[in-house]
Amino acid sequence: MAHALRLAECGLYTTQPNPRVGCVIAHGERVVGTGYHARAGEPHAEVFALREAGAAAGGATAYVTLEPCAHFGRTPPCADALVAAGVARVVIAAEDPFPQVAGQGIARLRAAGIAVETGLLREAARELNIGFFSRIERGRPWVRVKLAMSLDGRTALANGESKWISGEAARADVQRWRARSSAILTGSGTVLADDPRLTVRPPDGRENPAAAGPRPLRVILDRRLRTPAGSRVLDADAPTLLMHAAEAAIPAHLLAVERVALPVAGGHLDLDAALAELARRQVSELHVEAGPTLCGALFAQGLADELLLYVAPVLLGDAARPLLHLPTLTDMAQRWRLNPVEQRAVGSDWRLRLRPSR
C-alpha cells in the first residue's frame with residue numbers, strides 16, 4: 001500500500017478535479033502490475049495496473065489507495081474491471097465518499113466473491129486527497145492560507161513594500177503549492193496594491209511542476225468590482241473568476257470576465273457562500289494569498305484549514321504591517337491554537353505547516 005501511495009503522488013499536480021489514486025497488484029511480495037491515475041477522463045489507477053499484470057492478475061491481491069469506482073463516468077467502473085480480471089482480494093486504504101461510489105464499489109467486489117479489506121494506511125490516503133475529501137464531505141474546499149513573515153511577525157513595511165521577505169528557494173516552493181491547488185484566491189485589495197499574476201510559474205527557468213496539469217483558477221473577492229483594466233489577473237495566462245456583490249456596477253472592461261454574485265454579510269462578501277460556490281465548481285484545494293484582512297477573516301470564521309507560513313530570518317520593526325487582522329482578545333484562553341504538521345528549512349527560510357485546533 002505504501003508503494004501504491006507513492007504511485008498516487010505522481011498525479012499530485014494533474015488529476016484535478018479527480019482524486020490522486022495508486023494501485024499495486026501482487027502475489028504475496030511479487031508485484032505483477034502497478035498504475036496511477038494521471039488525468040480526469042483518462043483510465044484510473046486500477047486499469048493501468050491490470051493492463052500491466054495481464055493474466056497474472058488472476059488470484060492476486062490488488063492494493064488500491066481509494067475505493068474502486070462503481071459507476072460509469074468518463075471511464076467504466078473499476079470495480080467491474082477487477083472482478084473481470086479475477087483478482088482474489090482487494091485491500092483499500094480509504095473509502096470513497098463520492099455519492100456515486102460511497103460503498104458501492106466495495107459491495108460490488110464482495111458480491112462477486114472477492115475478499116475486501118479497508119483501512120490500511122487510511123489516514124495517509126486521506127491526507128493525499130485532503131481537498132477531495134473536504135469538498136465531498138464538507139461541501140467546501142480545503143483552505144490553505146499562505147503567508148510569509150519576518151521573525152518579528154511582519155509581512156510588509158509600513159508603506160506596503162513586501163518584495164521580498166522570503167528568499168528564492170521559498171518562492172520556488174510556493175509555486176509547487178500553487179500547482180497542486182484547484183484555485184488561487186486573493187482579495188481586491190491585494191490586486192490593487194500588488195497587481196499579482198496568481199499563476200504557476202517555473203522558478204528561474206526550472207521545470208514547471210504544473211506543466212502537464214490544469215491551470216489553477218484565479219479567484220478574486222471583489223465586492224465592488226474594483227479590479228482595474230490591465231490587471232495581470234485579467235490576462236490569458238489562467239482562467240479568472242470575480243466574486244462580487246449583486247449590486248456592484250460592472251465596468252466595461254470586466255464584462256467579458258467570468259463573474260458570480262455573492263451575498264454580503266457584515267459589509268463583506270459571505271465567505272461561506274464563496275467556498276460553497278467554489279466547491280460547486282469542483283475546487284478541492286484552495287490556495288489563499290491575500291492580505292491580513294482577508295486571511296484574518298478566514299481564521300476568525302473558522303474557515304482556514306491550514307497555514308503555510310514562511311518565516312524569514314529578518315526583522316522589520318513594530319511599524320511594519322502585521323501577519324493577520326484578528327479580533328482583540330481579552331483572555332489568553334481565547335487565543336488561536338495551531339498544531340504543527342511539518343517544519344522544514346527551505347533555503348535560508350523556514351516553512352511551517354500548521355492547522356488550527358478544532
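Is F133 buried or exposed? In this predicted model, F133 has 3% relative accessibility, so F133 counts as buried.

A pair of aromatic rings is described by the distance of the centres and the angle of the planes. The count of aromatic pairs comes to one. In that pair, the ring centres of F132 and F133 lie 5.7 Å apart. Their planes stand at 80°, so the pair is edge-to-face; the cut-off for that class is over 60 degrees.

Now turn to the helices. Two packed helices are described by the angle between their axes and the distance between the axes. Start with helix α2, residues 45-53, and helix α3, residues 78-85. They pack at about 20°, and their axes are 9 Å apart. That angle makes α2 roughly parallel to α3, because angles under 35 degrees count that way. The crossing of α2 and α3 is left-handed. On the α2 side, the contact uses E46, V47 and L50. On the α3 side, it uses C78, A81, L82 and A85. Six of these contact residues are nonpolar, none is polar and one is charged.

Helix α3 also packs against helix α4, residues 104-111. The axes of α3 and α4 come within 9 Å and cross at roughly 20°. The two helices are therefore roughly parallel to each other. Here the crossing is right-handed. From α3 come A79, D80, L82 and V83; from α4 come G105, R108 and L109. This contact between α3 and α4 has four nonpolar residues, one polar and two charged.

Definitions and conventions: Residues are numbered from 1 along each chain as its sequence is written. This is a predicted model: local features need pLDDT of at least 70, side-chain atom pairs count only at pLDDT 80 or more; totals for chains, interfaces and linings use all residues. Side-chain values use heavy atoms; hydrogens and water are left out. Axes are lines fitted to C-alpha atoms, for helices over the stretch in contact, and angles run from 0 to 180 degrees between N-to-C directions. Helices (H or I, at least four residues) and strands (E, at least two) are DSSP runs, numbered from the N terminus. Angles under 35 degrees count as roughly parallel, over 145 as roughly antiparallel, 65 to 115 as roughly perpendicular and the rest as oblique. A crossing is left-handed if the near helix is turned anticlockwise from the far one by less than a right angle, and right-handed if clockwise. Contact means heavy atoms within 4.5 Å. Ala, Val, Leu, Ile, Met, Phe, Trp, Tyr, Cys and Pro count as nonpolar, Asp, Glu, Lys and Arg as charged, and the others, Gly among them, as polar. Rings of Phe, Tyr and Trp (its six-membered ring) pair if their centres lie within 6.5 Å; planes under 30 degrees apart count as stacked, over 60 as edge-to-face and the rest as tilted. Buried means under 20% relative accessible area, exposed over 50%, partly exposed in between (1.4 Å probe, protein chains only).
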